[in-house]
Amino acid sequence: MAALVMIAASALPSMLTRPSTIILLLLFVTVFIPTTVISLCLATDNIPKYGTGLAMLCAAFVIASAFSRLSERTGTTSGGLPGELFCRVMLLAWLGAFAILVYSYRSTMAFVSLGDVYEQRAIGASTSLAMGYLQTYFINVVSSSLLAIGLIQRRATLVAVGVAGCVLLYMINAQRTVFLLPVAVFALYVLLKFPPPILRTTAFPILGLTIAVVLSVVFHEDSSVASVLSTFLVNRMLAIPGLTFSHYYDVFGTEGFTWWSHVKGIDLLVAAPRSFASDPLWPGLGYIVGDRIYGDPLHNFNANLFSGDGVAAAGAFGVLVIGWVLGIWLLLLDSAAVRWNRNFAMLVTLPVALALTNGHLFTTMLSFGGLFWLLFFTFFRPTGEGPAPGSRAVSYPKPLPPQR
């Protein structure tokens with residue numbers, strides 16, 4: 001356990017300078033460490049049972065980190081911000097989505113406590129594919145980009161609009177990540193904006209999270225604050241997601257790997273396993289695990305990319321494949337974002353990073369903004385930038401001084 005954690009930690013980039021670094025940091029603290037610790041602590045014989053998969057998980061993380069380090073050659077993102085036209089388009093999109101969401105869910109909206117989210121989540125679930133995309137892009141692209149620009153340019157109106165979008169969607173589907181998103185964006189902004197430079201190291205947030213976990217576990221019986229932290233931070237944000245690796249191994253290692261047939265598009269080329277072909281829960285992997293492990297087909301035991309797109313697809317081999325795919329995407333994302341303001345690129349990438357900690361890679365690419373920001377960074381130019389990279393600038397000779 002210690003060896004795997006140390007190997008992955010040594011590969012983790014040391015500074016928060018690119019979008020890939022914030023993604024890898026979140027995956028390290030909320031996916032890799034909990035998965036490694038919990039999988040091996042469940043039983044004394046789990047090393048032969050999950051050892052190969054955990055070794056491939058470590059290799060996948062090292063591979064993804066290596067791709068991130070390749071982008072260091074392009075430098076840190078220090079370019080410009082989106083122009084005023086982008087802000088106006090996002091504001092119009094925000095207003096349109098806000099009106100549609102309020103009209104569609106006006107009778108069920110409620111601000112529930114963090115301990116009573118499951119019933120509200122079921123009520124506010126998307127009723128169609130279009131509504132699902134509207135909800136996810138409203139938060140992960142529109143509201144988050146307005147919030148990021150508002151913080152960087154100190155525009156209180158944009159900050160208020162971004163926060164209001166998060167509050168609205170929490171009242172609809174009670175997603176905890178939506179509720180905590182403004183806090184996470186503001187915390188990352190503080191780390192990136194203010195000195196000393198130690199705040200921008202990956203070690204600083206890891207140390208802070210470690211202290212919070214230790215204090216909440218030690219004092220959870222004596223302090224109400226520690227009790228809340230132990231429930232939501234330790235149990236729900238770290239421990240339960242850490243169970244997904246072993247649960248997905250137990251279910252799909254027994255009933256058959258999917259070979260990515262659960263992914264839209266690939267399902268046209270690869271047939272579903274026989275054991276799931278007639279299952280009404282297919283291709284909802286989280287519902288299948290909820291039914292097999294907990295006996296509740298309505299319980300969606302959703303998982304991160306290494307469990308969902310890795311273990312469920314092809315076991316240890318699938319985990320390694322996802323590590324390569326993740327690394328290539330991180331390299332492309334960093335290379336495209338190099339022309340953009342570093343703080344903006346990292347702040348708008350944070351919601352995508354949060355989605356990856358509890359969602360599949362391909363779903364995050366299409367539904368949570370991963371592909372959107374890659375295309376945006378690639379094909380749009382920030383304000384104040386010169387000719388696009390690769391373009392040939394035209395220079396004109398200076399006029400000669402007058403002859404005497």
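R292 and D279 form a salt bridge in which the closest N and O atoms are 2.7 Å apart. Since R292 belongs to helix α12 and D279 to the loop between α11 (274-277) and α12, the pair ties together parts 13 residues apart in sequence. The structure is a predicted model, and it holds six salt bridges.

**Salt bridges around R292**

- A network of salt bridges links E255, D279, D291 and R292.
- R292 also pairs with E255, with 2.9 Å between the closest N and O atoms.
- That pair links distant parts of the chain, as E255 sits in helix α10 and R292 in helix α12 (residues 285-294), 37 residues apart.
- D279 counts as buried, because its relative accessibility of 15% falls under the 20% limit.
- E255 is partly exposed, with a relative accessible area of 28%, and R292 is partly exposed, with a value of 28%.

**The R155–E84 salt bridge**

- R155 forms a salt bridge with E84, the closest N and O atoms lying 3.4 Å apart.
- R155 is in the loop between α6 and α7 (156-173), while E84 is in helix α4 (residues 84-105), so the contact ties together parts that are 71 residues apart in sequence.
- R155 is partly exposed at 26% relative accessible area, and E84 is partly exposed at 39%.

**Nonpolar surface patch**

- Helices α6 (129-153) and α16 (370-379) each contribute at least two residues to the patch.
- Helix α16 provides the largest share, three residues.

**Second largest pocket**

- The elements supplying two or more lining residues are α2 (19-41), α9 (203-218) and α10 (224-255).
- By class, the lining of this pocket has 12 nonpolar residues, one polar and no charged.

**L181**

- The C-alpha atoms of L181 and V5 are separated by 27 Å, and the two residues are 176 residues apart along the chain.

Key:
Residues are numbered from 1 along each chain as its sequence is written. This is a predicted model: local features need pLDDT of at least 70, side-chain atom pairs count only at pLDDT 80 or more; totals for chains, interfaces and linings use all residues. Side-chain values use heavy atoms; hydrogens and water are left out. Helices (H or I, at least four residues) and strands (E, at least two) are DSSP runs, numbered from the N terminus. Ala, Val, Leu, Ile, Met, Phe, Trp, Tyr, Cys and Pro count as nonpolar, Asp, Glu, Lys and Arg as charged, and the others, Gly among them, as polar. A salt bridge is a side-chain nitrogen of Lys or Arg within 4 Å of a carboxyl oxygen of Asp or Glu. Buried means under 20% relative accessible area, exposed over 50%, partly exposed in between (1.4 Å probe, protein chains only).
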